[in-house]
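Here are my notes on the model you sent, as numbered points. Please read them with the structure open.

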Amino acid sequence: MEAQGQQPAWMERLAELNRWRERLQSGEVDPLDVDLATLIRETVECFGEPPSDSEAQELWLSTAGEALRVASDLLNLKAQRLAPEPAREDEGTGGDEAAVADEPAGGDLVGLDDQDEAPSDALDVLARRAEAYRRFKEAARLLEEQAEAWSRHQPRQAPSALLETLERVLGPWPDDLPPARAERLVEALAKVLDRTRMADRARHAPSPGFDWEELLGRVRRRVDQAGGPVDLAELLIQEARHRTEVIGLFLAVLELLRVGELCLTEQDGNLWIQRRS
Amino acid sequence: MSDEAAACEAVLFATARPLSLEELARALGAEEERVRQALEELRRLLDETGRGIQLVEVAEGFQLVTRARFFGALRRVVGAVRRPSLSAAAMETLAIVAYRQPVSRAEIEELRGVNSEAAISTLLERGLIEVAHRAPTPGRPVYYRTTRRFLEMFGLRSLDELPPLEAWGMGAGPAAKTSP
């Protein structure tokens, strides 16, 4: 029950739906990014049962009707976004860069564009989408094969000044951590530093003093607690209280890899560390 | 071997990335046509004498790379790292960008049927795709395209070498112009 003079929650809800419609219509938000199912379910729940008072009931009914109308607008906006786009009006008119660039490389792989006839029904659209998706999955597989074949041809390895310096300071890399893989470690560090640059805690926190043994101990503890592979980037981000500590922890990981306490694996583009068995 | 071919070999050996014809011509102080002939001579010589390296055209440039048949020996020393290690989702997204570029995130998600933000971020981080432009439509959606690094990583001379899917499906070989 609402307090005297306070707007009912369901009226607030209608206002919120209206705001969503404005944002979608203006293009401020992509309809594909909005979970309409949840939004509308919450709206229905918010309206609940009609009030017993006849005057309030009339307001409730008209508001609920309006909310349903706005919800259908939202669904329509999303449906339009999901449906195949009609032929663009500017196609073939300007010969501009975009028109040239729009032509898919390697032939028409999608099968959705350049259709003479509009899809007859939703099932037809779905079938075409499924076919396009299947072909892109196949393209992905073939790209992977191409990468595999090409990886057997190696260019000359460019020496990395940073790696050479680390090797001079920390000692030679172990046999199972060749310079090329160490290069990936440095890339991972660069990414973590990039991510932490944006974090407030990293920007404003005072720089802590370094205790080498403590850093080594923290890495060991995290790896032991996980009991399996630990994502290196996540370890650095979660463990470091300051950007400079990221570098300290990174050097600690390198040291533990170098002395053979840890080993390094790569999966899905991420580097994982774990205790050497 | 001519002086020009030897000079091309020296410059390409000292450079880890592919060099364009223009860059080579500038380095050698010679006409592009002359450099092209020198590169052809170098390629022929490397092939005919059974050398362990070969000259390939990749990413709109020229590069000296090892021959595939020595990969096993090489791997034991440097490891195989140039291959992009991507998740299935990222590879799928990359294939869509490669064949449909320029393409927006919404279009990618329409095709994949799932949120592709993480996959796109990974590809941007790895330098395999980049922002092509923003469309002058409401919301100014970002359109993506592949990068020169993509061509390098996949051994493609240019996007024109992305073969039609049908051709690949029929068992055509990889696009890179290399020999074993």
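1. Asp224(A) and Arg275(A) form a salt bridge, with 2.8 Å between the closest N and O atoms. Asp224(A) sits in helix H9 of chain A and Arg275(A) in strand E3 (residues 270–275) of chain A, so the pair ties together parts that are 51 residues apart in sequence. Bear in mind that this is a predicted model.

2. Partly exposed covers the range between the limits for buried, under 20%, and exposed, over 50%.

3. Helix H9 of chain A (residues 212–226) also holds Arg220(A). Arg220(A) forms a salt bridge with Glu261(A), and the closest N and O atoms are 2.8 Å apart. Glu261(A) lies in the loop between helix H11 (243–258) and strand E2 (262–267) of chain A, and the pair links distant parts of the chain, 41 residues apart. Arg220(A) counts as partly exposed because its relative accessibility is 25%. Glu261(A), at 24%, counts as partly exposed too.

4. Arg43(B) pairs with Glu40(B), the closest N and O atoms being 3.4 Å apart. Both residues belong to helix H3 (residues 32–48) of chain B and are three residues apart, about one turn of the helix. Glu40(B) has a relative accessibility of 37% and so counts as partly exposed.

5. Back in chain A, salt bridges that share partners join Glu214(A), Arg218(A), Arg222(A), Glu239(A) and Glu245(A) into one network. How many salt bridges does the whole structure hold over all chains? The search finds 31. As background, side chains of opposite charge can pair when their charged atoms come close.

6. For the layout of chain B, count nine helices and five strands. Read from the N terminus, the elements run α-α-α-β-β-α-α-β-α-α-β-β-α-α. Chain B has 180 residues, and 47% of them are buried. Of the contacts in chain B with a separation of 6 or more, 47% are between residues 24 or more positions apart. The accessible surface of chain B is about 8400 Å², and carbon and sulfur atoms account for 51% of that surface.

7. Chain B contains an open sheet of three strands in the order E3-E5-E4, with antiparallel pairing. Strand E3 (103–104) and strand E4 (129–134) of chain B are the edge strands, each pairing on one side only. E3(B) and strand E5 (residues 142–146) of chain B run antiparallel and are joined by two bridges. Ser104(B) has Tyr143(B) as its bridge partner in E5(B).

8. Which helix lies across E4 and E5 of chain B? That is helix H7 (residues 117–125) of chain B, which runs at about 110° to E4(B).

9. Helix H6 (residues 105–112) of chain B is mostly covered, with seven of its eight residues buried. Just after H6(B), Gly113(B) adopts a positive phi of about 80°.

Key: Residues numbered from 1 in each chain as written. Chains lettered and ligands numbered in written order. Predicted model: local features only at pLDDT ≥ 70, side-chain atom pairs only at ≥ 80, totals over all residues. Heavy atoms only, no water. Salt bridge = Lys/Arg side-chain N within 4 Å of Asp/Glu carboxyl O. Helix = DSSP H or I, 4+ residues; strand = E, 2+ residues; numbered from the N terminus. Buried < 20%, exposed > 50% of the residue type's maximum accessible area, 1.4 Å probe, protein only. Contact = heavy atoms within 4.5 Å. Areas by Shrake-Rupley, 256 points an atom, 1.4 Å probe, with all protein chains shown as cover. Pairing = 2+ DSSP bridges. Axes fitted to C-alpha atoms, helices over the stretch in contact; angles between N-to-C directions.
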